[in-house]
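Try each task yourself before reading the solution.

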Amino acid sequence: MHTGKQLSTEIDATVPTAARMYDYYLGGKDNYAADRTAVEELDKVVPSTRRLALNNRRFLQRVVRTLTQEYGIRQYLDHGSGLPTQDNVHQVSQRIDPATHVVYVDNDPMVLVHGRALLEQDERTAVIQADLRDTDGIFGHAETQRLIDFDEPVCVLFNSVFHCIPDSDTDGPLAVANRVRERLAPGSFMVMCQLVSEDEKVREFVTGFMDQVTQGHWGRVRQEKDVEALFEGLEILEPGLVEVSTWRPDTEVAPRQLTQEWIEFGGVGRIPA
């Protein structure tokens with residue numbers, strides 16, 4: 001099991017990170033030349049990535065709105081939350097109920113700096129720096145303990161992050177998801193999606209490219225069957241496990257994924273009573 005090695009608090013502008021590349025795709029300003037160069041190189045092979053990032057963000061917002069409004073969820077634990085953009089989890093959920101509690105988890109020191117500045121005045125929301133595989137450290141963190149009651153239903157988010165960790169019997173996506181699931185009360189939700197491709201060449205290129213540019217802070221692009229395995233034993237909300245732009249779209253003309261060289265694939269599962 002992951003032991004939670006010391007995380008860096010230094011921001012290295014010369015090494016791209018997935019969080020800052022994602023920020024650039026979403027039109028944010030918290031990124032560096034190295035991140036933008038990496039994005040340009042990635043776009044040469046997988047040109048739909050900017051649309052994919054935007055669709056993934058909208059999926060997150062729809063899920064949080066649905067679970068807060070229709071299922072009464074008032075606690076969120078967001079693993080690999082990334083840099084603050086507009087309409088974060090706490091903003092979407094607290095518009096419906098200001099008493100909602102949210103804990104963001106990320107290992108990127110830049111996320112910590114910007115997140116804490118954003119949330120300085122919000123007692124119901126916190127940002128902690130941790131590796132998303134360090135389940136003990138995350139669940140035992142003082143801020144998590146302060147804000148989340150694990151005897152009550154909670155929504156745990158692994159939104160577009162599992163492709164950032166390698167396969168491992170103790171620390172791979174399936175092991176992490178199962179470890180977290182064991183700690184959740186019945187009626188809790190798990191939101192999980194990741195980048196997948198059924199094209200072996202795309203999987204190999206993106207996995208190799210991202211591993212190289214992030215200096216090893218990457219896992220791999222997987223297949224739909226790998227994501228399906230994460231949901232075994234959960235009650236999957238309609239419309240099931242899908243390309244995320246098709247998960248309960250707001251309108252019939254909502255943006256769709258235009259090309260399929262890789263997609264964000266996943267959904268929402270509930271812990272059975």
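Helices (H or I, at least four residues) and strands (E, at least two) are DSSP runs, numbered from the N terminus. Keep in mind that this is a predicted model.

**Exercise 1. A peptide bond to find**

Task: Find which residue is joined to Pro 239 by a cis peptide bond, and locate Pro 239 in the chain.

Solution. Step 1: look at the omega angle of the bond between Glu 238 and Pro 239, which is about 10 degrees. The partner is therefore Glu 238, and the bond is cis.

Step 1: Pro 239 sits in the loop that runs between strand S6 (235-236) and strand S7, and S7 covers residues 242-243.

**Exercise 2. How does H1 meet H3?**

Task: Describe the packing of helix H1 (residues 18-25) on helix H3 (residues 49-71).

Solution. Step 1: two packed helices are described by the angle between their axes and the distance between the axes. For H1 and H3 the angle is about 95 degrees, and the axes are 9 Å apart.

Step 1: Angles of 65 to 115 degrees count as roughly perpendicular, so H1 is roughly perpendicular to H3.

Step 2: list the contact. H1 contributes Tyr 22, Tyr 24 and Tyr 25. From H3 come Thr 49, Arg 50, Ala 53, Leu 54, Asn 56 and Arg 57.

Step 3: sort these residues by class. The contact holds 5 nonpolar, 2 polar and 2 charged residues.

**Exercise 3. H1 again, now with H2**

Step 1: On the H1 side they are Arg 20, Met 21, Tyr 24 and Tyr 25; on the H2 side they are Asp 35, Arg 36, Ala 38, Val 39, Leu 42 and Asp 43. By class, this contact has 6 nonpolar, no polar and 4 charged residues.

Step 2: turn to burial. In H2 (residues 33-45), the buried residues are Ala 34, Asp 35, Ala 38, Val 39 and Leu 42.

Step 3: recall the helix geometry. An α-helix has 3.6 residues a turn, so residues three or four places apart point the same way.

Step 4: see what the buried residues of H2 pack against. Their neighbours are H1, H3 and helix H9 (200-213).

**Exercise 4. Two aromatic pairs**

Task: Among the 5 aromatic pairs in the whole structure, classify Phe 59 with Trp 247 and Phe 158 with Phe 162.

Solution. Step 1: the ring centres of Phe 59 and Trp 247 are 5.8 Å apart and the planes stand at 85 degrees, so this pair is edge-to-face.

Step 1: Phe 59 belongs to helix H3, while Trp 247 is in the loop between S7 and strand S8 (263-270). The pair links distant parts of the chain, 188 residues apart.

Step 2: check burial. Phe 59 has a relative accessible area of 0%, so it is buried; Trp 247, with a value of 0%, is buried too.

Step 3: for Phe 158 and Phe 162, the centres are 4.7 Å apart and the planes are at 20 degrees, so the pair is stacked. Phe 158 is buried at 0%, and Phe 162 is buried at 0%.

Note on methods: Residues are numbered from 1 along each chain as its sequence is written. This is a predicted model: local features need pLDDT of at least 70, side-chain atom pairs count only at pLDDT 80 or more; totals for chains, interfaces and linings use all residues. Side-chain values use heavy atoms; hydrogens and water are left out. Axes are lines fitted to C-alpha atoms, for helices over the stretch in contact, and angles run from 0 to 180 degrees between N-to-C directions. Angles under 35 degrees count as roughly parallel, over 145 as roughly antiparallel, 65 to 115 as roughly perpendicular and the rest as oblique. Contact means heavy atoms within 4.5 Å. Ala, Val, Leu, Ile, Met, Phe, Trp, Tyr, Cys and Pro count as nonpolar, Asp, Glu, Lys and Arg as charged, and the others, Gly among them, as polar. Buried means under 20% relative accessible area, exposed over 50%, partly exposed in between (1.4 Å probe, protein chains only). Rings of Phe, Tyr and Trp (its six-membered ring) pair if their centres lie within 6.5 Å; planes under 30 degrees apart count as stacked, over 60 as edge-to-face and the rest as tilted.
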